[in-house]
Amino acid sequence: MRAALVGLDFGTSNFAASLDELFLLAKSAGAEPITTIMGKRASPDAALFVGSGKAQEIADAVSDLQLDIVIFNHALSPAQQRNLERLLQTRVLDRTSLILDIFAQRAKSHEGKVQVELAQLQHLSTRLIRGWTHLERQKGGIGLRGPGETQLETDRRLLGERVKALRTLLEKLRRQHATQRRARGRNDIFSVSLVGYTNAGKSTVFNALSKAGAYAADQLFATLDTTSRRVYLGEVGHVVISDTVGFIRELPHQLVAAFRATLEETIHADLLLHVVDAASPVRMEQIEQVNLVLKEIGADHIPQMLIWNKIDAAELEPSVEHDEYGRIRRVFISAKTGAGLDLLRQSIADSLKSSIVARRQAQSQVVDSQDVHAH
């Protein structure tokens, strides 16, 4: 599918990085980016997002290069999307729809598929309802009685029913997860979650630690479903390590909500391994984006260790860095070459050891208070 990518610079610092990301997203979705059209504006145009001159430039590119789709690096309103499709005579996708499409292609587990469908329907419902408002305004006008209204009402009702059914199903799956987690908690097994920007190498780190053979590829959102494995870490015993979906800037809100359950593992972890692509020029911004999403899902209080991955590409040496209190702050590794993996295993064990002490103290306090009440 031949695509034009469109990006407008509104004066933000990460414009170039965001466009690079759109290129990767488009390729991940199976499109072939043929041309990139850029422009500068102070603010979006209400009707077409881009100005009329820029819209004409895109229309010319569509016909000259025989393009099948135009992908915008922004969120478009339903009206803007409709106006653009009318003008360009071709399909127009915005960043949100593109990410949703990739998620739909990649979801493997039952739960992943349910979450994607829910997110897509929520996105569609805004398009549907606003898409029909021109009919509603003229309710009862000649030729618009009956079917026009009932079609909208039917669509709304069916959508609403499906959304409700999916929410109920997700709630059930969530309860099952909670039961599994409680069982793990009773067995005193620690849980460690890998988080990080998409394509930072989480799955490769996960495979290197657990020898699991989870799907890892150099593309955005290669992993959508949480995979968990038990890993033996010497004196700490077994821990459960989970690989989670990658984060991305401007992650559609419907997805943050829908993927709550996938990220639920993250919220209940004892330790987060925040995997960073050490070779990325925008790694600091990516760390910030991940921390924003963690905050959004209520996981910003969990102890976090930064794993600087891909040190082979960044020409760095494997090492461990501590903060002024002696806590492990960063571990430098290459999951691909295996450099620094022993340091990482040891760092996880060391970090969890202090948690074990804290957990035992808490348990003994509970026992003490029960004894006091007993007497």
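Which residue in β2 is the bridge partner of Leu8? Let's find out while walking through this predicted model.

## The sheet

Four strands make up an open sheet with parallel pairing, and their order is β2-β1-β3-β4. The edge positions go to β2 (32-40) and β4 (91-93); each has a single partner strand, so one side of each is left without a neighbour in the sheet. From one strand to the next, the twist averages 20 degrees.

## Where β1 meets β2

Eight bridges join strand β1 (residues 2-9) to β2 in the parallel sense. Here is the reply to the opening question: Leu8 has Gly39 as its bridge partner in β2. Asp9, in turn, stands opposite Lys40 of β2.

Helix α2 (residues 52-64) packs on this sheet, where it touches β1, β2 and β3 (69-72). The direction of α2 makes about 165 degrees with that of β2.

## Helix α3 and its buried face

Which residues of helix α3 (residues 78-88) are buried? They are Pro78, Gln80, Gln81, Leu84 and Leu88. Looking down the axis of α3, you would find these buried residues within an arc of 160 degrees, so they line one face of the helix.

After α3 comes Gln89, which has a positive phi, near 55 degrees.

How values were computed: Residues numbered from 1 in each chain as written. Predicted model: local features only at pLDDT ≥ 70, side-chain atom pairs only at ≥ 80, totals over all residues. Heavy atoms only, no water. Pairing = 2+ DSSP bridges. Helix = DSSP H or I, 4+ residues; strand = E, 2+ residues; numbered from the N terminus. Axes fitted to C-alpha atoms, helices over the stretch in contact; angles between N-to-C directions. Contact = heavy atoms within 4.5 Å. Buried < 20%, exposed > 50% of the residue type's maximum accessible area, 1.4 Å probe, protein only. Arc of directions from axis to C-beta.
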